[in-house]
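Look over the sequence and the fold before reading on.

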Amino acid sequence: MNAEATALEASIEVPNPPAEVWALISDIRRMSRWSPQVVKSFVKGGVSRKGAKFFNINRDGIKVWPTQAQVVDFEPDERLAFKVKENYTVWSLNLSPTASGGTLITQRRETPKGISSLSHKLTDRFFGGQENFNEVLQAGMEQTLERIKADLAS
């Protein structure tokens, strides 16, 4: 395990109330609709909830790789978080009500236990290193939030 890791975060404000945002984002299978990296998500049992396990197929250009994850936090109208088995990262979508009745959506990638050595090696070999990959992930988080906002507006 490598303790050297960077937390990433992006936020966007939407006019929709938290319950409306939650109704959209709480189904993990929809992540491929918003994330530029997720091609498909398969939730074991088909239901997003705390403890649910799921499998993602991810893609960056011609590179395709699977990940396994488990939902570690599922608080309606507040927070959805999952831990990725292969690299130990925790991804979350956090909802905070705004004074205007809307919602601040914050996506985070945290590394409370660092990033696995295997993940570091693969990132160095296939993605140009951790710093470069973090830049790609940060841009992807911003794109994800923009796409969620667009879905909420339609």
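Among contacts in the protein between residues at least 6 apart in sequence, what percentage join residues at least 24 apart? The figure is 50%. Contact here means heavy atoms within 4.5 Å.

This is a predicted model, in which local features need pLDDT of at least 70, side-chain atom pairs count only at pLDDT 80 or more, and totals for chains, interfaces and linings use all residues. Residues are numbered from 1 along each chain as its sequence is written, and side-chain values use heavy atoms, with hydrogens and water left out.

Start with the elements. The protein has 4 helices and 7 strands. These are DSSP runs, numbered from the N terminus: helices are H or I, at least four residues, and strands are E, at least two. From the N terminus the order is β-α-α-β-β-β-β-β-β-α-α. The radius of gyration is 15 Å, close to the 15 Å that the globule rule gives for 154 residues, so the protein is as compact as a globular protein of that length. That radius is taken over C-alpha atoms, and the rule is 2.2 Å times the number of residues to the power 0.38. The C-alpha trace spans about 45 × 30 × 30 Å along its principal axes.

Now turn to burial. Of the 154 residues, 46% count as buried, meaning under 20% relative accessible area (1.4 Å probe, protein chains only).

Helix 1 covers residues 18–25, and its buried residues are Pro 18, Val 21, Trp 22, Leu 24 and Ile 25. They lie on the same side of helix 1 because they cover an arc of only 160° around the axis. The arc is that of the directions from the helix axis to the C-beta atoms.

Methods. Buried < 20%, exposed > 50% of the residue type's maximum accessible area, 1.4 Å probe, protein only.
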